[in-house]
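Dear colleague,

Please keep the structure open beside the text as you read.

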Amino acid sequence: MLFRLPITILSLVFSVLIVGCQTTVNSFEPPEISFSEIQKSGDYCEITDPIFSSMFKEYSTWWSGACKNGSPFGSGTLLTFARNSLAQRYEGPMQTGLLGQERHGKGVITYFLQHKVGLPNSRLNRWSYEGDFKHNKRTGTGVYTDETGLKVEGNFINGKPHGSCIVTAPDGSSGEVEFDNGKPVR
């Protein structure tokens, strides 16, 4: 059933969702692959991004595709570990941009860890996004899904829904919602 979702409900949903912006995969459980297996594997090489690694020393990033001048290039799988746990997986094309390695083209990214948003007992849901990336941002046509069952299909600009999108609530009801840079409008 297609209907217009009330703006107040959408504002609550997207106040959490838009903090990151998101994707589409059926499982939010990380694949059975350990950090030590990746380190020992000849299929992946560790990627060092000077900006990212200096800010987040507990993270390490591994790439399965080709490299150009020491950076991921072309299609492959990018795995990011937080300590020894898989935090995110990206499958798709990469290119070298102004700020280092960039997701660019059609791909799928899944975040497996839950993130606190600053309030006691609060967290962001695990999520996935399948669609277009431009200069490392979810920009173009895509589908965001989170572990609660919330789904947003449509156009994204800089990681946020923009324009007319189909939103499916966790209970399965859906409707068309107009967004302006991530905010629902009437």
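**Strand pairing around strand 11**

Strand 10 (residues 137-146) pairs with strand 11 (residues 151-157) in the antiparallel sense, over six bridges. Please bear in mind throughout that this is a predicted model. Within this pairing, Val143 has Glu153 of strand 11 as its bridge partner, and in the hairpin that the two strands form, with four residues between them, Gly149 takes a positive phi near 105°.

Strand 11 also runs antiparallel to strand 13 (residues 163-168), to which three bridges join it, and here Lys151 has Thr168 in strand 13 as its bridge partner. Two bridges join strand 11 to strand 12 (residues 160-161), again in the antiparallel sense, with Ile157 standing opposite Lys160 in strand 12. The hairpin of strand 11 and strand 12 has two residues between the strands, and Asn158 in its turn has a positive phi of about 50°.

**Aromatic pairs**

The count of aromatic pairs comes to seven. One of them joins Phe35 and Trp62, whose ring centres are 6.2 Å apart and whose planes stand at 80°, over the 60 degrees that edge-to-face requires, so this pair is edge-to-face. The pair links distant parts of the chain, since Phe35 belongs to helix 2 (residues 35-40) and Trp62 to strand 2 (residues 59-63), 27 residues apart, and both Phe35 and Trp62 are buried.

Tyr111 and Trp127 form a tilted pair, with 4.4 Å from centre to centre and 35° between the planes. Because Tyr111 lies in strand 8 (residues 105-111) and Trp127 in strand 9 (residues 127-134), this pair ties together parts that are 16 residues apart in sequence. Tyr111 is partly exposed at 22% relative accessibility, whereas Trp127 is buried, with a relative accessible area of 5%.

Tyr90, Tyr129, Phe133 and Phe156 form one aromatic cluster, and Arg103 lies over the face of Tyr90, at 5.3 Å from the ring centre.

**Arg89 and the cysteines**

Arg89, which is found in strand 6 (residues 85-97), has a relative accessible area of 18% and is therefore buried, the cut-off being under 20%. The side chains of Arg89 and Glu91 are joined by a polar contact of 3.4 Å. Leaving aside residues up to four places away in sequence, Arg89 touches several others, among them Pro31, Thr77, Val108 and Phe112.

Finally, a search of the whole structure finds zero disulfides; Cys45 is partly exposed, with a relative accessible area of 29%, while Cys165 is buried, at 1%.

With kind regards

How values were computed. Residues are numbered from 1 along each chain as its sequence is written. This is a predicted model: local features need pLDDT of at least 70, side-chain atom pairs count only at pLDDT 80 or more; totals for chains, interfaces and linings use all residues. Side-chain values use heavy atoms; hydrogens and water are left out. A disulfide is a pair of cysteine sulfur atoms within 2.5 Å. Buried means under 20% relative accessible area, exposed over 50%, partly exposed in between (1.4 Å probe, protein chains only). A polar contact is a pair of N or O atoms within 3.5 Å; within protein, one must be able to donate a hydrogen and the other to accept it, and residues adjacent in sequence count only if both atoms are side-chain atoms. Contact means heavy atoms within 4.5 Å. Two strands pair if DSSP finds at least two bridges between them. Rings of Phe, Tyr and Trp (its six-membered ring) pair if their centres lie within 6.5 Å; planes under 30 degrees apart count as stacked, over 60 as edge-to-face and the rest as tilted. A charge sits over a ring if NZ of Lys or CZ of Arg is within 6 Å of the ring centre and within 35 degrees of the ring normal.
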